[in-house]
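Me: I'd like to go through this model with you. Can you start with the terms, then the packing?

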Amino acid sequence: MTTTGTGRPAVEGLRERKKRAMRRQLSDTAARMFLERGFDAVRVADVGEACGVSEKTVFNYFPSKEALLLDRLEATADALRTHLPDPALTPVDAMLTILDGERDGLAQGLAADADRALAQYRKFGDLIRNTPSLRAYQSDIADRFVDIAAEALATRTGLRPDDPEPQLAAAALLGLWRVQFRALRTHVRPGHPLPDAIEAVNREVRRAARLAEAGLATFPAPAKPR
């Protein structure tokens with residue numbers, strides 16, 4: 001997307017809107033089909049046919065079958081690149097900003113027709129947990145998040161991404177992401193009031209964050225401009 005002279009994003013063009021809409025349609029259709037039939041029972045070609053496009057077109061949008069279901073995790077990668085380099089925030093506060101945004105977004109998405117949405121959310125989690133290729137893909141994404149976080153932290157310290165400090169700090173921060181993921185699975189379920197569940201998740205993440213903050217108290221300060 002191009003920008004205007006003011007530095008603000010230009011209006012999204014028709015072509016970009018169509019591509020974004022097709023990407024969303026493919027992902028939503030794949031998720032529905034996987035939940036209905038099982039991940040292994042649905043081919044990429046089946047998803048394309050349901051959306052009126054070829055299998056090749058699907059792969060033009062998504063690098064793998066697994067990405068069709070888990071592609072929205074890319075928003076986390078973008079958030080890491082945006083918030084972790086911010087010198088106004090400690091690394092833990094930056095990570096909490098990311099996690100708060102993800103949790104709030106999930107709560108808003110589940111609020112309407114909560115019982116049905118919660119049942120689908122649980123079914124989605126079961127699908128991932130019970131499908132080895134999806135578990136492996138999710139693990140690979142988590143590893144890539146650590147690399148992205150290390151690169152982002154290195155930019156604020158003047159260190160290299162493969163130096164011990166950014167690597168260890170990145171692993172600790174992504175540990176908070178894992179804590180939230182597991183806490184959501186524990187607390188967000190049908191029959192439990194959604195606001196109470198979200199607050200329980202928030203408390204667990206904050207508990208883990210206090211431990212991480214203590215451990216990262218000596219993380220190098222942001223590099224001073226030359």
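Reply: Contact means heavy atoms within 4.5 Å. Helices (H or I, at least four residues) are DSSP runs, numbered from the N terminus. This is a predicted model, where local features need pLDDT of at least 70 and side-chain atom pairs count only at pLDDT 80 or more, while totals for chains, interfaces and linings use all residues. Residues are numbered from 1 along each chain as its sequence is written, and side-chain values use heavy atoms, with hydrogens and water left out.

Me: What covers the buried residues of H9?

Reply: The cover includes helix H5 (74-83), helix H6 (91-111), helix H7 (114-129), H8 and helix H10 (194-215). Buried means under 20% relative accessible area, with a 1.4 Å probe and protein chains only. Among the buried residues of H9 are Leu173, Trp177, Gln180 and His187.

Me: Which residues does threonine 76 contact?

Reply: Glu102, Phe145 and Trp177, leaving aside neighbours within four places in sequence. Threonine 76 is in helix H5 and counts as buried because its relative accessibility is 3%.

Me: Switching to the core. Which residues have the most contacts inside the largest nonpolar core?

Reply: Leu26, Leu68, Met95 and Phe145, in a core of 67 residues. Helix H8 (residues 132-157) gives the largest share, eleven residues. A nonpolar core is a set of buried Ala, Val, Leu, Ile, Met, Phe, Trp, Tyr and Cys residues joined through side-chain atoms within 4.5 Å.

Me: And what does leucine 68 touch?

Reply: Not counting residues up to four places away in sequence, leucine 68 touches Leu26, Ser27, Ala30, Phe34, Val44, Val47, Val58 and Phe62.

Methods. Buried means under 20% relative accessible area, exposed over 50%, partly exposed in between (1.4 Å probe, protein chains only). Helices (H or I, at least four residues) and strands (E, at least two) are DSSP runs, numbered from the N terminus.
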